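Here is a friendly briefing to keep beside the viewer. Please load the model, and then we can walk through it topic by topic.

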Amino acid sequence: MNTLVQLREAVRYPLSASVLFSCEDERGIHLKGAGVTRDMSTKGVFVYSMVLPAKNASVDMEVAFPPLRENAPPVRIHVRGRIVRTESNTVDPVQGGFAVTSESTILRGGEHDDSGEGGSC
């Protein structure tokens, strides 16, 4: 009998949105990159990216969604978390990526002041 054990604490939803991120590993090395979400939940996110941070690195990311209505600013979610897994794909590097467990999540939407506050570690 084939029994699958679900280890995730929250349901992941397939979702494609732009991501900008910056991170710092245990050695203090800073890294910046961009990607696209594969899926998200209340506990984390998986990002397709050609830049792969080290496992356990702390990461700040902005996930940007298109505006919810015409002439409205985009909706952004700021996630601060930790890299829990990376996946590289030697055949198609665009399909590589990393999983983040969220330590804090802030929804930013409908704001007209885009002061350029970006995530930097």
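**Briefing: core, strands and loops**

Apart from its neighbours within four places in sequence, Phe65 is in contact (heavy atoms within 4.5 Å) with Leu15, Ala17, Met40, Pro74, Val75 and Ile77. The model is predicted, so local features need pLDDT of at least 70 and side-chain atom pairs count only at pLDDT 80 or more, while totals for chains, interfaces and linings use all residues. Residues are numbered from 1 along each chain as its sequence is written, and side-chain values use heavy atoms, with hydrogens and water left out.

**Confidence**
- The chain averages a pLDDT of 83, where pLDDT is the predictor's confidence in each residue, from 0 to 100; 83% of the residues score at least 70.
- Over residues 112-121 pLDDT stays under 50, and the model has 18 contacts beyond four places in sequence for them.
- Where pLDDT is low, the predicted coordinates should not be read in detail.

**Nonpolar core**
- A nonpolar core is a set of buried (under 20% relative accessible area, 1.4 Å probe, protein chains only) Ala, Val, Leu, Ile, Met, Phe, Trp, Tyr and Cys residues joined through side-chain atoms within 4.5 Å.
- The largest one has 18 residues, of which Val59, Met61, Val63, Phe65, Phe98 and Val100 touch the most other members.
- Two or more residues of this core come from each of β2 (18-24), β4 (44-48), β5 (58-65), β6 and β7; strands here are DSSP runs (E, at least two residues), numbered from the N terminus.

**Strand pairing**
- Strands β6 and β7 run antiparallel and are joined by 11 bridges; two strands pair if DSSP finds at least two bridges between them.
- Glu87 has Gly97 as its bridge partner in β7.
- β4 also pairs with β7 in the antiparallel sense, over 5 bridges, and Phe46 is partnered by Ala99 in β7.

**Loops**
- Ser88 sits in the loop between β6 (75-87) and β7 (97-108), and counts as exposed (over 50%) because its relative accessibility is 63%.
- Beyond four places in sequence, Ser88 is in contact with Leu52 and Gly96.
- Tyr48 is 40 residues from Ser88 in sequence and 9.7 Å away in space, C-alpha to C-alpha.
- Asn56, in the loop between β4 and β5, has a positive phi of about 75° although it is not a glycine.
- With a relative accessible area of 38%, Asn56 is partly exposed, the class between 20% and 50%.
- Asn71, in the loop between β5 and β6, has a positive phi near 65° and is likewise not a glycine; at 73% relative accessibility, Asn71 is exposed.

Technical notes. Helices (H or I, at least four residues) and strands (E, at least two) are DSSP runs, numbered from the N terminus.
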